[in-house]
Amino acid sequence: VAAQNEGRVGLFTGISKTTLLNVDDAKFGDYLPTFKPTIGVEAGYYFTLFKHLPMGFTFQFSDNHTGQNYHGVYVDSTSYYAYTRLNYLRTGLAWNIGTNPRKQVSLQFQEGINIGFLTHYQERYEIIRYNESRYIMDIHNSDVTVRDTSTIQGGLTSYVYNKTDLNFFSTLGLDFLIAKNWVFGFYGRFDMGLSQVENHNKININFDTQPSSSINFKLFNTKVKYHGPTDDAVTHSATINQALGFFFSLKYRIYNKEKVDFYYKENRNYNHQ
């Protein structure tokens with residue numbers, strides 16, 4: 001007896017409270033709430049294990065935004081605002097388990113892993129001095145702009161953030177059959193990075209000045225990000241991506257419409273001689 005199978009393809013989107021989680025930064029308390037969106041496509045295959053336990057696997061591909069906002073005050077009464085924006089293309093696979101997905105409402109639990117490829121990032125730091133003058137460093141990928149009494153352009157010799165990011169995720173939510181072939185989903189999702197996102201290798205900034213000049217980029221040579229003085233002997237604690245959010249999905253069902261029950265057994269007729 002074959003178990004009922006079903007495929008689903010669709011879109012998902014949501015918004016998450018994201019954090020660049022670092023032990024030292026979190027203790028210092030300069031974090032500000034940060035919310036970022038995600039949008040993606042998914043394709044899943046559902047089956048029954050032992051004809052009683054609904055299971056499945058889902059492939060996902062998404063455009064994922066994460067990062068962190070910061071605000072702090074220094075001992076000399078100056079203050080700063082800063083933020084990091086990280087954009088990834090993520091691809092991954094998840095394992096699903098839940099209640100009968102052929103019912104009008106079903107509970108779904110999912111765990112998976114994905115890898116993110118960094119497509120763009122921005123690092124912006126702005127210090128507000130006691131006389132209201134400002135110093136700004138703005139980094140877009142490898143391009144650097146420094147604004148103080150004048151504006152200077154430059155470039156990084158390497159990315160500030162690593163180009164790949166390994167990530168574990170878990171979801172819990174409800175699926176609703178809103179039409180014969182369409183499923184609407186609402187769920188919570190938790191993402192936890194498994195790899196360091198900051199590039200701790202030596203990075204220089206080459207400025208487009210006459211004559212040309214170069215300095216060492218030492219943002220991570222501090223115990224707490226944005227709090228100096230810098231020290232080559234100091235290693236910034238490991239920083240990972242973390243996110244918690246709410247998501248929605250809309251999926252199209254591909255299944256054998258003649259079999260309306262997810263669990264079924266063939267009717268067997270025995271002819272006795």
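How much space lies in the second largest cavity? About 100 Å³. Before the tour, note that this is a predicted model: local features need pLDDT of at least 70, side-chain atom pairs count only at pLDDT 80 or more, and totals for chains, interfaces and linings use all residues. Residues are numbered from 1 along each chain as its sequence is written, and side-chain values use heavy atoms, with hydrogens and water left out.

**Stop 1: the second largest cavity.** Select Ser62, Arg90, Asn114, Arg189 and Asp191. Of the 15 lining residues, these are the closest to the centre of the second largest cavity. A cavity here is a set of points, on a 1 Å grid over the protein atoms alone, where a 1.4 Å probe fits but cannot get out; lining residues have an atom within 4 Å of a point. Volume is the space filled by probe spheres set on the points, which are joined across faces, edges and corners. Now colour by strand (E runs in DSSP of at least two residues, numbered from the N terminus). β1 (6-21), β4, β5 (79-98), β11 and β14 each supply at least two residues of this lining. By class, the lining has 4 nonpolar, 8 polar and 3 charged residues. Gly counts as polar in this scheme.

**Stop 2: the largest cavity.** Next, select Gln108, Gln110, Asp175, Tyr187 and Lys251. Among 19 lining residues, they lie nearest the centre of the largest cavity. Its volume is about 220 Å³. Two or more lining residues come from each of β3 (35-49), β4 (53-73), β6 (105-128), β10, β11 (182-193) and β14 (240-255). β10 gives the most, with 4 residues. The lining divides into 5 nonpolar, 10 polar and 4 charged residues. The model has 4 cavities of 30 Å³ or more.

**Stop 3: serine 170.** Stay on β10 (164-179) and pick serine 170. Is serine 170 buried or exposed? Serine 170 counts as buried because its relative accessibility is 16%, and buried means under 20% relative accessible area (1.4 Å probe, protein chains only). Its side chain reaches the backbone oxygen of glutamine 110 at 3.4 Å. Show neighbours with heavy atoms within 4.5 Å, the contact cut-off. Leaving aside residues up to four places away in sequence, serine 170 touches Phe109, Gln110, Glu111, Gly188, Arg189 and Phe190.

Stop 4: Finish on leucine 250 in β14. β1 and β14 pair antiparallel over 16 bridges; pairing requires at least two DSSP bridges. β11 also runs antiparallel to β14, joined by 11 bridges.

Notes
Buried means under 20% relative accessible area, exposed over 50%, partly exposed in between (1.4 Å probe, protein chains only). A polar contact is a pair of N or O atoms within 3.5 Å; within protein, one must be able to donate a hydrogen and the other to accept it, and residues adjacent in sequence count only if both atoms are side-chain atoms. On a 1 Å grid over the protein atoms alone, a cavity is a set of points where a 1.4 Å probe fits but cannot get out, and a pocket is an open set with protein on both sides within 12 Å along at least five of seven lines; lining residues have an atom within 4 Å of a point.
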